Amino acid sequence: MNILILSGSPRKGGNTELLAEAFAKGAAAHHHVEIVSVRDYKVNPCLGCNACFKTNGICAQKDDMSVIYEKMSQADMLVIASPVYFYGISAQLKAVIDRFHNPIRDSFHIKKMALLLVGAATLPELFDAILTEYNLCLKFFDIEDAGKVLVRGVKDKGDINNTEALNEAYTLGCSI
Ligand SMILES: Cc1cc2nc3c(=O)[nH]c(=O)nc-3n(C[C@H](O)[C@H](O)[C@H](O)COP(=O)(O)O)c2cc1C
């Protein structure tokens, strides 16, 4: 499979990135894996103009989303990796996901999705809002869940190295 990981932290070398890399290392034995750090792409929020629905998918905005659309159209599996920002995913990653509101998504053939999340708090409900959105998106796009790694209590860069999460992500990657 072609596995595309959308990694949503603006912090280079942070916990999200380490988690995404561990997953990628495990999955790379059997699949082609690419990590796209959304901070490296200039993607504007969706304008909600719906012009793309009248132009066969041509977005009114000219930005780096065209590169991500191309990668999405080649992907068999999508991995969403994000820090928790006020109980949601990062705004940079949300901007990319909102741009899937485009008929170009009909050309995607993604059949599996996985979720990798990190947050500083340890409260049990930390990921509830994101999990609700994730499950609704699986249903909307008719995609199978391939697994999740949800990491609490990691705040500073590298904190995740002191947890079992990188092993967990590697193992999940191997299982794909
Ligand atoms: C803008 C912002 C909002 C955050 N909101 C939350 C939050 O709601 N809950 C939480 O547990 N951690 C929150 N955090 C902490 C990050 O999720 C945590 O530091 C994470 O490890 C960052 O991942 P990174 O190293 O990949 O950037 C927030 C951090 C930032 C910068």
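Start by selecting Asn-15, Thr-16, Glu-17, Leu-18, Leu-19, Ala-20, Glu-21, Ala-22, Phe-23, Ala-24, Gly-26 and Ala-27: these are the buried residues of helix H1. Here, buried means that 20 or more other C-beta atoms, placed from the backbone, lie within 10 Å of a residue's own. Helices (H or I, at least four residues) and strands (E, at least two) are DSSP runs, numbered from the N terminus.

Before you go on, know that this is a predicted model: local features need pLDDT of at least 70, side-chain atom pairs count only at pLDDT 80 or more, and totals for chains, interfaces and linings use all residues. Residue numbers start from 1 along each chain as its sequence is written.

Now show the whole of H1, residues 15–27: 12 of its 13 residues are buried, so it's mostly covered. What do its buried residues pack against? Colour E1, E2 (32–37), E3, E4 (112–118), E5 (144–151) and helix H5 (165–175), and you have the answer. Packing goes by contacts, with C-beta atoms within 7 Å.

Next stop: helix H3, residues 91–98, where Gln-92, Leu-93 and Val-96 are buried. Look down the axis of H3: these buried residues fall within an arc of 95° (taken from the directions from the helix axis to the C-beta atoms), so they line one face of the helix. They pack against strand E1 (2–7), helix H2 (65–74) and strand E3 (77–83).

Finally, zoom out. From the N terminus on, the elements run β-α-β-α-β-α-β-α-β-α.

Technical notes:
Two residues are in contact if their C-beta atoms, placed from the backbone, lie within 7 Å.
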